[in-house]
Amino acid sequence: MIQLLCICRSSLSLNKLSKLHSLAPNYLIETQKASVQKLETPAIRTDSVSCGSESDKFSSVHQVFDEVPDLNVVSATTIIGRFAKQHHYEEAIYLFSRMLLLNIRPSEFTFGSVIPSSTALEDLNLGKQLHAWATKVGLQSNVFVGSAILDLYIKLSSIEEATRVFEDTHNPNVVSYTTMICGLLKRERFEDALKLFQEMPHRNVVSWNAMIGGYSQTGRNEEAVNLFIEMLREGLVPNHSTLPCAIIAAANIAALGMGKSFHACAVKFLGKLDVFVGNSLISFYAKCGSMEDSLLVFDKLTERNIVTWNAVICGYAQNGRGEEAIEFFERMRINGIRPNGVTLLGLLWACNHTGLVEKGYSYFSQAKLEDPGMLKPEHYACMVDLLSRSGRFKEAKEFLYDLPFDPGIGFWKALLGGCQIHSNVELGEFAARRILALDPEDVSSYVMLSNALSVAGKWDNVSNIRREMKEKGMTRVPGCSWIEIKSKVHVFVTGDRNHHMNDEIYAVLRSCTEQIREFEL
């Protein structure tokens with residue numbers, strides 16, 4: 001207890017403690033309501049805090065407790081909880097230590113307030129001490145306390161410690177299960193997360209959201225889409241958090257038909273679409289190549305933010321409609337929306353895809369002059385890509401050497417990509433070697449350099465590259481494509497013959513090949 005108190009004393013800042021005098025009366029009133037006690041709230045002199053030692057400051061903190069007649073676990077927990085809810089976590093921890101000094105035994109609700117406070121402070125050592133105290137009073141297996149400890153270890157420690165806490169919790173509830181599932185998904189332990197999810201005695205929309213969002217955010221889009229469909233089949237109603245994850249997952253696999261049905265679900269279950277669902281729909285239609293539908297969603301939204309405008313600009317960019325992206329950006333400025341880094345990246349991307357080098361240069365230079373803090377490494381990388389794709393290698397090299405930081409792999413890959421397009425073998429080899437110096441196992445650089453040498457007709461060099469790859473045991477990541485038929489997505493990987501209609505597919509492919517040969521003859 002002394003160690004806990006010392007940590008609290010050393011971690012609390014003086015300016016935070018000085019705020020307690022304005023907060024204390026309110027907390028005392030709340031305690032009065034909770035304890036059903038008549039309590040006269042004394043006026044606390046703020047001038048007494050303006051000077052004095054740090055110990056005086058701590059005296060003012062525990063004065064909150066001292067002013068409560070017949071302080072017990074209920075009233076003490078109420079005060080601590082109020083501090084925690086107002087994000088005064090350090091003060092809540094200190095008052096908990098004061099509570100222990102007064103020999104008031106904490107309840108599960110007390111730990112439910114102070115353990116999340118240590119999590120919010122990102123203080124694992126303090127959290128472990130609180131865990132030890134919960135164990136000492138026999139509350140560590142209480143589901144309310146266990147869920148708080150579990151959240152602490154998920155966010156600040158290892159999944160192994162979190163697993164032990166979960167297994168030690170008696171009758172874990174939906175919160176405990178969902179917290180554990182989120183931790184497993186965060187560490188990409190998908191099979192363990194799915195197994196735990198299937199074992200849950202009760203699943204609500206929050207637990208479904210955790211699974212769908214976890215899969216969607218880690219690139220497992222098909223699984224996320226299938227989970228959303230399964231959720232609907234089980235009769236659960238999705239909310240404003242479910243649909244954006246499901247829609248973005250459908251966008252990432254370009255499942256237009258499926259995404260449209262998700263759009264219909266959003267209208268059916270939510271009625272008026274909020275800005276988050278609207279933004280995900282704008283991005284979805286853009287990724288599927290339907291900018292007209294994307295604009296329809298944009299026009300129907302009553303609430304828009306910078307993300308909404310950026311979604312349209314980036315949508316135009318990825319569909320190669322650079323001029324329209326620029327026009328939409330000008331419309332955005334007329335509406336008084338201040339651009340951010342994503343806006344600039346979308347504009348550079350748009351200029352890149354349509355060869356508008358000078359326009360891209362002007363946007364970059366303007367941002368550098370007016371708001372240099374907006375520029376991040378990805379903006380510089382996009383400029384290198386823009387210059388090298390247009391064959392302006394001298395300017396691209398100068399841009400690289402003038403960077404305010406050391407260029408990473410992405411910069412050299414951008415240069416190598418341009419060299420591949422324009423068959424600049426010499427510079428391409430230089431860029432490839434720089435990439436391999438940073439990451440000797442980067443397969444894509446070997447492949448890009450090999451392609452550039454092939455175009456230039458340097459077959460001996462190509463053989464050397466492929467031999468080097470073989471000696472290092474490197475293999476190309478197989479190509480992947482997919483197609484949506486009747487709202488079902490079929491995925492195909494190079495050399496994969498596991499599709500259930502494999503024979504029919506190859507029969508059609510042979511027929512097409514034969515027809516092409518006949519046409520060429």
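Helices, which are DSSP runs of H or I with at least four residues, are numbered here from the N terminus. This is a predicted model, in which local features need pLDDT of at least 70 and side-chain atom pairs count only at pLDDT 80 or more, while totals for chains, interfaces and linings use all residues. Residues are numbered from 1 along each chain as its sequence is written, and side-chain values use heavy atoms, with hydrogens and water left out.

**View 1. Gln 140 in the loop between α8 and α9.** The loop that holds Gln 140 runs between α8 (124–136) and α9 (143–156). Gln 140 has a relative accessible area of 18% and is therefore buried, a term that means under 20% relative accessible area, with exposed meaning over 50% and partly exposed in between (1.4 Å probe, protein chains only). Although Gln 140 and Asp 168 are 28 residues apart along the chain, their C-alpha atoms are separated by 7.9 Å.

**View 2. The crossing of α10 and α11.** Helix α10 (residues 159–168) and helix α11 (residues 174–186) have axes that come within 11 Å and cross at roughly 160°, where axes are lines fitted to C-alpha atoms over the stretch in contact and angles run from 0 to 180 degrees between N-to-C directions. This angle makes α10 roughly antiparallel to α11, since angles under 35 degrees count as roughly parallel, over 145 as roughly antiparallel, 65 to 115 as roughly perpendicular and the rest as oblique. The crossing of these two helices, α10 and α11, is left-handed, which means that the near helix is turned anticlockwise from the far one by less than a right angle, whereas clockwise would be right-handed.

**View 3. Helix α16 and its buried face.** Helix α16 (residues 256–270) consists of 15 residues and reaches 21 Å from its first C-alpha to its last, close to the 21 Å expected at 1.5 Å a residue, the expected span being 1.5 Å times one less than the number of residues. Its buried residues are Met 258, Gly 259, Phe 262, His 263, Cys 265, Ala 266 and Leu 270. Seen down the axis of α16, these buried residues fall within an arc of 160°, so they line one face of the helix; the arc is that of the directions from the helix axis to the C-beta atoms. Just after α16, Gly 271 takes a positive phi of about 70°.

**View 4. Tyr 285 in helix α17.** Tyr 285 is placed in helix α17 (residues 275–287), and it is buried, with a relative accessible area of 5%. Tyr 285 and Leu 296 are eleven residues apart in sequence, and their C-alpha atoms are 9.9 Å apart in space.

View 5. Side chains of opposite charge can pair when their charged atoms come close. A salt bridge is a side-chain nitrogen of Lys or Arg within 4 Å of a carboxyl oxygen of Asp or Glu, and a search of the whole structure finds 14 of them. One of these joins Glu 292 to Arg 321, with the closest N and O atoms 3.7 Å apart; this pair links distant parts of the chain, with Glu 292 in helix α18 (residues 291–300) and Arg 321 in the loop between α19 (306–318) and α20 (322–334), 29 residues apart. Arg 321, partly exposed at 24% relative accessibility, also forms a salt bridge with Glu 324, the closest N and O atoms being 2.8 Å apart. Asp 299 forms a salt bridge with Arg 331, where the closest N and O atoms are 3.9 Å apart, and this pair likewise links distant parts of the chain, from helix α18 to helix α20, 32 residues apart.
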